Amino acid sequence: MSTTQLSNHDGDQEVSHTHTAISVPLREQVAALRRLVESVRQGSDEHATAWQHAKGKLTAFERIELLLDAGSFTEIQGLRRHRSTAFGLDDRRPYGDGAVCGWGTVEGRLVYVYAQDFRVLGGSLGETHAAKICKTIEMAVAAGAPIVSLNDGAGARIHEGIVALAGYGQIFRRTVAASGVVPQISVMLGPCAGGAAYAPALTDFVFMVAGTSQMFVTGPDVVEVVTGEHVTHDELGGADVHARISGVADFCYEDEDACLADVRYLLSLLPANHTEQPPVYECTDSMNRREPALTELVPQDPRLPFDMRQVIAAIVDDAEYMELHENWAPNILCALARLGGSTIGVVANQPRVLAGVLDIAACDKVARFVQHCDAFNIPLVTLLDVPGFLPGTVQEHGGIIRHGARLLYAYADATVPRIQVITRKAYGGAYIVLDSLSIGADLSYAWPSNEIAVMGAEAASNIIFRKQIASASDPDREREACVKRYQDELMHPYYAVERGLVDDLIDPADTRPVLIRALRALANKRACVPQRKHGNPPA
């Protein structure tokens, strides 16, 4: 019998097993295999595991256990090792190469997952690490199942040079190819620097955990050398930065348990792939439930705010919804919810923040969300109370035209069922781009409190009746009379419905049952899409 020692260490500990001749019983070979697999799972360095836990972080296998249904995970290529010999790597060939890949189930539905193990070579990405991830993505696409990545790595493995960079390129290419085919969810549970940051940015949803996860293209040391700025990792690319300022993160959490629990919940709202409808759940909330409180919620004065989250909660099943980008562009809300047991996407102005106006960030936020929903067959409900686009040189110079056009393109290009509900004011171009009938909404409803116009009555009157007001003996009184005249002629609640620009006026209390019936009527909608390679949306 011949024996060979195989190293499985990324520290001091070495695990060995024996390659045996056929004289050794298969039972003993299986036992040796099980011991090896278990040692890989536990990690070769107890100190590395303890260090991971001390930072409030779980190991890759612990995270997978939280994400997937108990006992459902099947690992692939768990014993694969890198083949590099440069800079001492020939003596450091850990099994798995720092990537744990495979599949399991979430609420009984198939999900593919890959997780970086920071305990192994710092979770750095080399040729083998990348190849395992690429295989996982390819299998997910072939099976038509979502992909969840659990990211906790130190970036490219510099020992392997350009081979590591090529590995990132291969991952990027497969991520782009999977875009719009299967849902892709990135969970940031540690550092993600340099080119590695683009992989999650290409996916559909990004989750981050405060205090432990960071994303940036250039780190603090490089920033200080180039710009002279002194900044910490969290100040540069921490969870709070990306949740509030950059908009890179869709969701932000205080701990990994809560984060992974919401990943499971998000998966329950999404279809497995673009050819399927989102799962339908039994609705325990009455389909015909009226909500009389909505009638009293909206102030008659269009300048007074109200909380649109209360409207969403009153309409959707069990007042439960999952809001994306809660702290970025808070003047508009984007959320996934269920209505009558089926998933819907909700877009809504938030009058409590900047009066619900559309600015650059709001346009980008909604455009991205609309594209998410359209890609995965999720109907859209848009709730309006919008005074227009935010004016000013900051917005104009920042490209509000381009960003607004991106929002307009996203809605006009969407083929899922689309319903607009005007709760109060809807002025100017903002009314058009937020899914009006003129750009392809299937249905438009309005509450009796609606005011649809080019602009507010006071601003319009100051333009139309400028000379008349200026020459009046009492300009203030004349202006008041002109405003009333404009409102009576062009802004009364029935103006839009009389001209077919709104399909019906509805009692706010009946909004939920009206939407449920409308979405059922649109459930089998088939859109005629022009033949083309692809569109060219504004950047």
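Aspartate 97 is buried in this predicted model, because its relative accessible area is 0%, under the 20% limit. Its partner is arginine 157: the two form a salt bridge, and their closest N and O atoms are 3.0 Å apart. Is arginine 157 buried or exposed? Arginine 157 is buried as well, with a relative accessible area of 2%. The pair links distant parts of the chain, 60 residues apart. Aspartate 97 sits in the loop between strand S1 and strand S2, whereas arginine 157 belongs to the loop between strand S4 and helix H5.

As a general point, side chains of opposite charge can pair when their charged atoms come close. How many salt bridges does the structure hold? The structure holds 29 salt bridges. One of them joins aspartate 317 to arginine 512, with the closest N and O atoms 2.8 Å apart. Aspartate 317 lies in the loop between helix H12 and strand S10, and arginine 512 lies in helix H21, so this pair ties together parts that are 195 residues apart in sequence. Both aspartate 317 and arginine 512 are buried. They also belong to a network of salt bridges that links them with Asp285, Arg289 and Glu291.

Let me turn to the strands. Strand S11, residues 332-339, is mostly covered, with eight of its eight residues buried. On one side are Ile332, Cys334, Leu336 and Arg338; on the other are Leu333, Ala335, Ala337 and Leu339. Which strands pair with S11? Strand S10 pairs with S11 in the antiparallel sense over four bridges, and glutamate 323 has alanine 335 as its bridge partner. Strand S12 also pairs with S11 in the antiparallel sense, over eight bridges. S11 and S12 form a hairpin with two residues between them, and glycine 340 in the turn has a positive phi of about 65°.

Next, the nonpolar cores. The largest contains 66 residues, of which Ile185, Val187, Phe207 and Leu358 touch the most other members. Helix H13, residues 360-375, gives the largest share of this core, eight residues. Apart from it lies another core, of 30 residues, including Phe306, Ala337, Trp447 and Ala518.

Finally, the surface. Leu33, Val37 and Leu79 form a nonpolar patch there, with about 230 Å² of accessible area together. Leucine 33 lies in helix H1. Leucine 33 counts as partly exposed because its relative accessible area is 43%, between the limits of 20% and 50%.

Terms used:
Residues are numbered from 1 along each chain as its sequence is written. This is a predicted model: local features need pLDDT of at least 70, side-chain atom pairs count only at pLDDT 80 or more; totals for chains, interfaces and linings use all residues. Side-chain values use heavy atoms; hydrogens and water are left out. A nonpolar core is a set of buried Ala, Val, Leu, Ile, Met, Phe, Trp, Tyr and Cys residues joined through side-chain atoms within 4.5 Å. Buried means under 20% relative accessible area, exposed over 50%, partly exposed in between (1.4 Å probe, protein chains only). Patches are made of residues with over 30% relative accessible area and no salt bridge: like charges are joined within 9 Å, nonpolar side chains (Val, Leu, Ile, Met, Phe, Trp, Tyr) within 5 Å. Accessible areas come from the Shrake-Rupley method with a 1.4 Å probe; for residues, only the protein chains shown count as cover. A salt bridge is a side-chain nitrogen of Lys or Arg within 4 Å of a carboxyl oxygen of Asp or Glu. Two strands pair if DSSP finds at least two bridges between them.
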